[in-house]
Amino acid sequence: AITVYVQGIGFALSNFTHLVPVNITSLSPTSGSQGGGQVVALQAIGLGTVLGDISVFLGGHAAVLTRLANNTLLFTTPPLNSSGTISGAVSINNQTAAFSYTAEASVNVTGVSPAEASVADRTYLTISGAGFSTTLAENRATVGTHECVLASATTE
C-alpha cells in the first residue's frame, strides 16, 4: 500500500495498492528426484515479505514453503507423478510466474530383507531396487530416525 502524506494537511483519505509483478530471476537447483524432498531456492522480484501469501505448485502438487528472505524463497519439492520437465508456478496476490523443473527418475525400492529387525541388534539389511548410486557415499538410508551404516551399493 502506498500512503500519501502532505505536511501541514495530513494523510490522504485513501491508499493505493501497487502490485509488483512476480519476476523469477533464478531457480537452484533446477532438477531433483521425482520422489520429492529437494530444497529449492527461487529468487524473484515481487515476492513480498509474508511467506503465507505465497504458494508454489509443481506438476499440480503444492510445495512446502520454508523460508522467505531477501527476495529468495526456499521450498521443498513434493513427490511428483512423473519424471521429465515439470511445469511449476509461484503465486502471490493473484499474480503468477511460471518456471520449469526437471524431475529425475527416483530410486525404486522393491524389497527389504529381513522384513523385521531390531535397531539395537545392528542387523544387516539388504535393500533391493533400482536407481541406487554405485558410489556408496551418494546413498543414504534410515530406519525410523536412525541413520544406517552402508556397507556396499550395487545397481541392477
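Trainee: Why does Val112 count as partly exposed?

Mentor: Val112 has a relative accessibility of 46%. Buried means under 20% and exposed means over 50%, with partly exposed in between, so Val112 at 46% counts as partly exposed. Please keep in mind that this is a predicted model.

Trainee: Where is Val112 placed, and of which surface patch is Val112 a part?

Mentor: Val112 belongs to strand S12, residues 108-113. Together with Val107, Val109, Leu125, Ile127 and Val143, Val112 makes a nonpolar surface patch of about 440 Å². Such a patch takes residues with over 30% relative accessible area; Val112 has 46%.

Trainee: Why does Asn70 count as exposed?

Mentor: The relative accessibility of Asn70 is 75%. The cut-off for exposed is over 50%, and Asn70 therefore counts as exposed. Asn70 lies in the loop between strand S8 (64-69) and strand S9 (72-76). The two strands form a hairpin with two residues between them.

Trainee: Where is Asn94, and why is Asn94 called exposed?

Mentor: Asn94 sits in the loop between strand S10 (84-92) and S11.

Trainee: What makes S9 largely enclosed by the rest of the structure?

Mentor: Four of the five residues of S9 are buried, so S9 is largely enclosed by the rest of the structure. Buried here means under 20% relative accessible area.

Trainee: How do you know that S9 pairs with S5 and with S8?

Mentor: Two strands pair if there are at least two bridges between them. Strand S5 (residues 39-45) and S9 have five bridges and pair in the antiparallel sense, with Val40 standing opposite Phe75 in S9. Five bridges also join S8 to S9, again antiparallel, and Ala69 stands opposite Thr72 in S9. Both counts meet the cut-off of at least two, so both pairs qualify.

Trainee: What makes S4 an edge strand?

Mentor: Strand S4 (31-33) pairs on one side only, as does strand S7 (61-62). The open sheet has five strands in the order S4-S11-S10-S6-S7, and the pairing is mixed. S4 pairs with strand S11 (residues 95-104) in the parallel sense over three bridges, and Gly32 stands opposite Ala103 in S11.

Trainee: Which peptide bonds are cis, and at what omega?

Mentor: The peptide bond from Ser28 to Pro29 is cis, with omega near -5 degrees. Pro29 is found in the loop between strand S3 (23-28) and S4. A cis peptide bond also joins Ser113 and Pro114, with omega about -5 degrees. Pro114 lies in the loop between S12 and strand S13 (126-130).

Trainee: How does the radius of gyration of the chain stand against the value for a compact globule?

Mentor: The chain has 23 Å, whereas a compact globule of 156 residues would have a radius of gyration near 15 Å. The C-alpha trace spans about 80 × 35 × 20 Å along its principal axes. Buried residues make up 23% of the 156 residues.

Trainee: How many helices and strands does the chain contain?

Mentor: The chain has zero helices and 15 strands.

Terms used. Residues are numbered from 1 along each chain as its sequence is written. This is a predicted model: local features need pLDDT of at least 70, side-chain atom pairs count only at pLDDT 80 or more; totals for chains, interfaces and linings use all residues. Side-chain values use heavy atoms; hydrogens and water are left out. The radius of gyration is taken over C-alpha atoms; the globule rule is 2.2 Å times the number of residues to the power 0.38. Buried means under 20% relative accessible area, exposed over 50%, partly exposed in between (1.4 Å probe, protein chains only). Patches are made of residues with over 30% relative accessible area and no salt bridge: like charges are joined within 9 Å, nonpolar side chains (Val, Leu, Ile, Met, Phe, Trp, Tyr) within 5 Å. Accessible areas come from the Shrake-Rupley method with a 1.4 Å probe; for residues, only the protein chains shown count as cover. A salt bridge is a side-chain nitrogen of Lys or Arg within 4 Å of a carboxyl oxygen of Asp or Glu.
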